[in-house]
Amino acid sequence: MPEDTKMEDASTKEKEAEAEAPPPMPALEAAARRLERSLGRGLQDKDRILHTYTNPAKVVRRWLGTASGASGKATVGDIASAAAVLLDADGPSAAGRELLVAGGDSSMDVDPPLVEGSPGFLSAASTREVESWLLSLSVRILWKEKKFIEAFDLVQKSILILVGHLEAASTSITSLSGVSASSLFPLLARMYRYRSLVAEEMKDISTTTALRLDMTKAHNLASLRRDVDCQATLLNLMLRDLLRHSEIEQAHKLLSNSTFPDSASNNQLCRYLYYSGRIQALRLEYTKAFSNLSQCLRKAPTNTALGFRISAQRLLVVVQLLMGEIPERHVFFSKGMMTELSPYLAITQAVRQGDLAVFNKVVSEQATRLRHDETYTLISRLAHQVVKAGLRKLHVSYSRLSLQDVADRLGLQSATSAEFVVAKAVRDGVLDATIHHEEGYVQSHDLVDVYATKEPAEAFHRRIAYCLTTHNDAIRGMRYPPDEYKKQLEASRGNRRKRSEDKTDEEKAQELEDELDDDY
């Protein structure tokens with residue numbers, strides 16, 4: 001009986017402890033507090049800005065990646081509640097707090113009473129960053145709910161708020177305030193991206209024209225203040241906008257007159273390589289397009305971004321076919337890509353067979369799908385490659401063939417058309433043959449040793465260029481901060497010198513005697 005009484009008392013105490021325990025902190029508030037600790041260590045002085053890292057933008061980037069779980073499940077009401085608890089109505093984030101609270105539930109308490117023991121509002125080290133983050137979440141929710149006009153209005157106001165914070169930090173005479181401005185760069189870049197996505201859905205010509213001018217000015221300002229995040233994001237957004245409106249020459253001019261920052265994020269680099277490869281493919285620069293698209297697929301994340309990898313792989317397959325190469329079969333059977341790449345597998349088989357009739361049939365059946373994938377223009381150029389493949393087969397099989405037979409086998413209109421096609425193939429180096437116009441036949445020459453041609457040297461050059469590019473990327477990725485080892489060396493020497501200075505004369509004499517004993 002006493003043991004039962006003790007067990008009942010223990011269970012009662014556990015229940016009382018659970019009842020007295022504070023409720024769990026909401027996910028958005030917990031993520032914001034974590035950023036506050038990372039940037040300002042949760043200072044007691046809320047008006048003081050102190051960064052414990054030399055690169056606050058890098059801290060914010062990492063924090064955005066860890067906070068994606070909390071932001072993915074957030075609702076408008078959660079965001080408004082978090083803004084009311086975290087942001088001070090009389091602080092620098094008052095404008096953003098007003099927008100966030102106004103977008104939430106009207107019945108919600110705008111100024112909730114502070115609970116005893118609660119952390120209170122955020123410090124000045126992280127209040128602007130959290131304000132920008134919550135605004136971006138609200139814009140994303142409105143965009144997903146297809147409320148494009150409201151989302152565009154909110155993102156425009158949010159960008160003005162962030163630009164105002166940057167201007168205030170740049171005009172401040174306090175050096176610490178100037179450093180804190182860089183932590184807003186990743187969040188401002190995210191705002192620019194959401195604005196472009198919302199504008200695409202609105203499909204308004206006047207809005208698109210106004211945004212182009214604004215993005216150009218913003219890109220110039222980002223370059224001047226060395227804002228890598230906004231610089232890379234805005235460049236990709238401008239290239240995307242020009243490609244959507246089929247302004248290929250303007251996109252090429254922008255590509256040739258701009259420089260992509262080396263320290264940009266891997267996701268932005270993958271987007272830049274994809275847009276570059278697409279522009280170069282449309283301008284018949286297939287070798288450069290193949291190089292950029294291959295590098296894009298190597299750098300793309302393997303566990304996410306399946307849609308992006310499918311788009312890049314589709315374009316890479318078409319570029320390989322335009323270069324006269326046949327992609328490997330396993331490419332079409334990659335995980336998650338079989339259904340999306342099935343039309344391109346049929347086109348590849350038609351090109352490999354060299355049958356123009358089969359190729360035209362496949363393209364006509366898949367025309368709607370190809371136009372949706374924005375590859376129809378490039379695939380329409382493959383007819384010449386199909387004819388080349390058919391000519392190679394005929395060249396290997398027959399040493400002499402009439403032009404009429406060539407026209408019949410390739411599905412051409414007449415022997416005259418076949419003569420023109422064969423003449424161009426001979427001039428391009430596809431065939432080694434002689435056309436007899438009067439007799440109406442083609443005479444193939446004896447096969448030449450391929451190692452006596454330039455083809456092995458060109459293939460070797462491509463492999464060397466690929467290895468050098470991979471080596472340079474690896475060296476760039478392992479680059480250490482300059483003179484970092486000198487600081488560590490000086491610090492270690494200083495500690496040794498300090499230890500030697502702290503020793504007494506008796507200890508130094510004893511060490512000298514020990515060294516002499518060791519020598520003898």
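Trainee: Is glutamate 374 buried, exposed or partly exposed?
Mentor: Glutamate 374 is partly exposed, at 48% relative accessibility; buried means under 20% relative accessible area, exposed over 50%, and partly exposed in between, with a 1.4 Å probe and protein chains only. Bear in mind that this is a predicted model, where local features need pLDDT of at least 70, side-chain atom pairs count only at pLDDT 80 or more, and totals for chains, interfaces and linings use all residues. Residues are numbered from 1 along each chain as its sequence is written, and side-chain values use heavy atoms, leaving out hydrogens and water.

Trainee: Where does glutamate 374 sit?
Mentor: In the loop between helix H19 (367–373) and helix H20 (376–379); helices are DSSP runs of H or I, at least four residues, numbered from the N terminus. Glutamate 374 has a positive phi of about 60°, although it is not a glycine.

Trainee: And what about the phi of alanine 305?
Mentor: Alanine 305 is not a glycine either, yet its phi is positive, about 55°. Alanine 305 lies in the loop between helix H15 (286–299) and helix H16 (306–322), and is partly exposed with a relative accessible area of 36%.

Trainee: Switching topic: which residues of H3 meet H10?
Mentor: Ala57, Val60, Arg61 and Leu64 in H3 meet Pro186, Leu187 and Arg190 in H10, where contact means heavy atoms within 4.5 Å.

Trainee: Last one: how much of the chain is buried?
Mentor: Buried residues make up 39% of the 520 residues in the chain.

Key
Helices (H or I, at least four residues) and strands (E, at least two) are DSSP runs, numbered from the N terminus.
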